[in-house]
Amino acid sequence: VNDDYSTEMLSWLIALLPVNRSLTGDGNRITLNFLKKQIPELLITEIPSGTTAFDWTVPDEWNVKAAYIEDSKGNRIVDFAKSNLHVVGYSLPVDKTVSRAELNQHLHSLPDQPTAIPYVTSYYSKYWGFCISEEERALLKDEQYRVFIDSTLQPGNMTIGEILIPGDTTDEILLSTYICHPSMANNELSGPVLAVALAKWLKTFENRKYTYRIVFLPETIGSIYYISQHFEELRNIKAGWVLTCMGDERSYSYLPSRDGNTLADRVSLQVLKDLELNFKNYSWFDRGSDERQYCAPGIDLPVCSVMRTKYGEYPEYHTSLDNLDVVTSKGLGESFKIMAEIISTLEYNDIYRINVLGEPQLGKRGLYPNLGTKNSGLDIRDQMNVISYLDGYNDLLEIAVKCNLKFSRVRSIVETLSKFSLLDSTIQI
Amino acid sequence: VNDDYSTEMLSWLIALLPVNRSLTGDGNRITLNFLKKQIPELLITEIPSGTTAFDWTVPDEWNVKAAYIEDSKGNRIVDFAKSNLHVVGYSLPVDKTVSRAELNQHLHSLPDQPTAIPYVTSYYSKYWGFCISEEERALLKDEQYRVFIDSTLQPGNMTIGEILIPGDTTDEILLSTYICHPSMANNELSGPVLAVALAKWLKTFENRKYTYRIVFLPETIGSIYYISQHFEELRNIKAGWVLTCMGDERSYSYLPSRDGNTLADRVSLQVLKDLELNFKNYSWFDRGSDERQYCAPGIDLPVCSVMRTKYGEYPEYHTSLDNLDVVTSKGLGESFKIMAEIISTLEYNDIYRINVLGEPQLGKRGLYPNLGTKNSGLDIRDQMNVISYLDGYNDLLEIAVKCNLKFSRVRSIVETLSKFSLLDSTIQI
Amino acid sequence: VNDDYSTEMLSWLIALLPVNRSLTGDGNRITLNFLKKQIPELLITEIPSGTTAFDWTVPDEWNVKAAYIEDSKGNRIVDFAKSNLHVVGYSLPVDKTVSRAELNQHLHSLPDQPTAIPYVTSYYSKYWGFCISEEERALLKDEQYRVFIDSTLQPGNMTIGEILIPGDTTDEILLSTYICHPSMANNELSGPVLAVALAKWLKTFENRKYTYRIVFLPETIGSIYYISQHFEELRNIKAGWVLTCMGDERSYSYLPSRDGNTLADRVSLQVLKDLELNFKNYSWFDRGSDERQYCAPGIDLPVCSVMRTKYGEYPEYHTSLDNLDVVTSKGLGESFKIMAEIISTLEYNDIYRINVLGEPQLGKRGLYPNLGTKNSGLDIRDQMNVISYLDGYNDLLEIAVKCNLKFSRVRSIVETLSKFSLLDSTIQI
């Protein structure tokens, strides 16, 4: 992969950063329509409020035209127009003058991070509120303030997006990302822009073994709805990833599926190891995104996460500080390369069987030293080890583990053997 | 469990301590009839001498009326009336004057424990003998002594006891204890008195999932006979314990079944860990009681032991010093609480399945924070982890292990979910 | 085993050391006919050149009458008559005068081992060449040399040998050794002479559970041919060893089968441990002999190696220094004892089941102490542990591992139980 799409991804992220995304609303439509310009195959669907999915119901649609707090002199001291994080997600409309004491009951700030506006939501409990930095809050001295939120919360739609890039088989790879957070860069916009870059790259393939399903969903309710509507089709998924927190340069993270040893887990670990990345190995108990739904009992999809710095593990998480100081084009580009390597590995990973019994006679094909000496055999040791496991049972990922080789080394040996028609292959199941 | 039966258990133990128990004989009848007063459901059965069971035969019945050694002046220097340990178990009758040399061949003492009368038996080889403290033995200076044992060893019966406390299912829990040791407190009377206390407590339950089978048997021959007669019924046993050495305060011990990973082993380890007891983890190779029979090849019952200080591992073991200095009401009460906790855990342990796909919407039931903030989710992490394994495959014990939680924590989460009708349950098999 | 055949093995080895063995040729016939004098059951077979076997073809037969290099004064400075290692294996005939520069392109020496003549072959690529010590090579100053090799490489036969020693069952043990190396002692002649000694010893048995198949093959092409011709019969092999590098006294080595846990692996490890030998534990990735074929995918035979110092791991390997300084009668004799112990263990290893339920009553058979005391039971602990695993599932090797006992201890307990008719046995499958 030469082009890592890093410049494009950052430009899309910058364009989408000011948009007010939530579980529902025009911000989500704006976001998906912007991404559709990059990838016309993106199918955008509207799901009516009140639609039920498993134990859940799609909520009313929420939109905000304007929102602010005015002091007694009419100064707008907190303004949605400046940062959509100022308004608690799913706030009801309000327009009244309140005492400072009452206002304080509707204000959210972070004493430990005095410059940060926190990100707060109240999706399923009726409420209005503002988020403000601790520093600004300390300046509030007036006795009374006007609070104004011109929002609507009423029947409408939840908007979701999906891309299906067909392959040679019905076996599928899932990439899932979310579109429900307002102006924050690493969590969440790094995910959607990486998903689009991967889709563009996948389209350049001459052929693909797997069919790729790339979905853009509001977290939790979106994935629950999507699983409920595509339950049977999703049985074709052989491996999947939740794309989130992929834009910083600070660290690498792996969070397993509930099972912990699915194809998705195995290829993630092999690629992180092959790339010699020093990654943090999280457990299922550290989860926090849509793998909660994909891996739930009875759904049991092979979905894990490879991330840069994990949600909840960096100080800017879920605040206005999760911005372009956190996410960089370099960070995004490196993440692209990891996911591209994972996909390339999956595309090549198969179960093969040597089609002769005993070792093949490699000398007559130029693959074995002609002269038998004291040390002949050392150079072709990897080759002979790989051959000894090409038994129709181990896939190439398992052989890389058994032989303690990089996948690329296993692959190049298999390609050579294949060139000499020494292999039967069985598609990975 | 508020009442730990500690006072009652000690009083029963004190009453039973002087009784001369053996494989057979009136002492066993006295013991079982005394216990039957506490628990009228106790069924006492007499098994005729000569009855065969697997590779064994019920021996003749042994009783002792009196036994002593007299010195040349007619002083009774060793007297069965003072301690029944003075007579080797299953001694034949004898009444003769012997030289000190001959006497010495029939005397048993412990040079390392000069004040202790050892406990010695000769069940299956015809013999007579006396046990004496090393200190008393040192005083024997006469040339001749009269040895007198007024015993009978003749066809009769072996006496056994059993209690069946029915439950909602035919699945059974086995508690097995033994009644063949004379005046010793920890090994053995702590076992029978604990068994009776547990039976009394089990009767107080409004309902029981399991049927409880509590047996009082002479060790080895008793359990072999009992298994041979109840072979098919015992297939219903899901977990069992040999109750022995349960009265001291010194330590806690666990001895596994032969399999090592049965339900009995799993619940024992979970409870010992939950109670934060620092226990000694023995191996199958340290066994020494009726688990030898219950776990034998072809019998293969899930039977292990939870003990205080294990037989053979405390100096007073199998001597007259295993008395009320070793066993206390506190020790017995603590043991009761452990076994009661094991039983309570078993009664609640089931396999459950969340009856919705995906995570349930806990917010609408007040089980999830309404406000989504940076740290929301931390408080309900245990709950979400447990839910993620309520998959119809793992029982609650396995979930406690997987989530590294106390069983009581898992139970309280399951009870909450159950209250909201979010669970299907499958009885533990 | 009192007679360890050490003297005979060394004498055979000395007699065979000068013979020019290769993949084919009269040297192999001489070797096998010599061994047939020791073991008349040895069946010698000729396989025509051009015969195909799996991916391979039996090469033309190679023989050498004479070969030398003459300097400009007519001195034979390198002479096949002095050491057959001087001629590269499978060298084509040549008779010409060449410049020193051209000669150097056909000379092989070892700068790091200046006194050693290396062993070099060119089986499948047409070539001629000489091997020479670095010291002798340094003396070559003439401008021109005559190179003379009077060899033939033409259609003929590959010669192989096999011995079948029938047993009570069709289950087989395989001993495979190779006969394709010229004058080298540890690798290879220690293997064939040990194989013959084991065959002679096996013939002394009154009865044998297993049938023994002992094969003498040129490495690789020989085993591939043999497997291809006996594929179905070889399904009867329960355990096998490649016998190689068995003559030095320096160390002990174990190289597993591809599976790593076959009967061959288990018995090898048990015997090496029981004999308290400090052995080096190699991995499948260190392999280098005919286990490459026996364990290949689809062939999957349970074949491993127990060796002294492994091929490739001692400095004299594949040079003229692998001679009688490396191999000793003591070294050969110790190896015989190990293999004899492995075979004895296999012959006794079975799956048994105690034919009574519960513990057998050992006291009535004199196998349990009559007097029950504080410590009775300690002496018979091993016996009771072994009995507890005689369940019809574990073979005796597995029981030795589980009980952490020497196989001989397990065996003596089983023999005692067997004497008392307490065992059902099932032949090891």
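Q: What rotation superposes chain A on chain B?
A: In this predicted model, chain A is superposed on chain B by a rotation of 120 degrees with 0.1 Å of shift along its axis, and the RMSD is 0.1 Å. The two copies are thus related as by a three-fold rotation axis.

Q: And which residue of chain A comes closest to that rotation axis?
A: That is Asn261(A), whose C-alpha lies at 13 Å from the rotation axis.

Q: Switching to chain B, is helix 6 enclosed or open?
A: Helix 6 of chain B, which spans residues 221–229, is largely enclosed by the rest of the structure, because 7 of its 9 residues are buried.

Q: Which ones are buried?
A: The buried residues of helix 6 of chain B are Ile221(B), Gly222(B), Ser223(B), Ile224(B), Tyr225(B), Tyr226(B) and Ile227(B).

Q: What covers them?
A: The cover over these buried residues includes, from chain B, strand 1 (43–48), strand 2 (52–53), strand 3 (56–57), strand 10 (157–165), strand 12 (211–217) and helix 8 (291–294).

Q: Now chain C: where is Glu172(C) found?
A: Glu172(C) belongs to strand 11 of chain C, which covers residues 172–178.

Q: Buried or exposed, that Glu172(C)?
A: Glu172(C) is buried, because its relative accessible area is 5%, which is under the 20% cut-off for that class.

Q: What does Glu172(C) touch?
A: Leaving aside residues up to four places away in sequence, Glu172(C) touches Tyr210(C), Thr211(C), Arg213(C), Glu233(C), Asn236(C), Ile237(C), Lys238(C) and Ala239(C).

Q: How far apart are Glu172(C) and Asn323(C)?
A: Glu172(C) and Asn323(C) are 151 residues apart in sequence, and their C-alpha atoms are 33 Å apart in space.

Notes
Residues numbered from 1 in each chain as written. Chains lettered and ligands numbered in written order. Predicted model: local features only at pLDDT ≥ 70, side-chain atom pairs only at ≥ 80, totals over all residues. Heavy atoms only, no water. Least-squares fit on C-alpha atoms with pLDDT ≥ 70 in both. Helix = DSSP H or I, 4+ residues; strand = E, 2+ residues; numbered from the N terminus. Buried < 20%, exposed > 50% of the residue type's maximum accessible area, 1.4 Å probe, protein only. Contact = heavy atoms within 4.5 Å.
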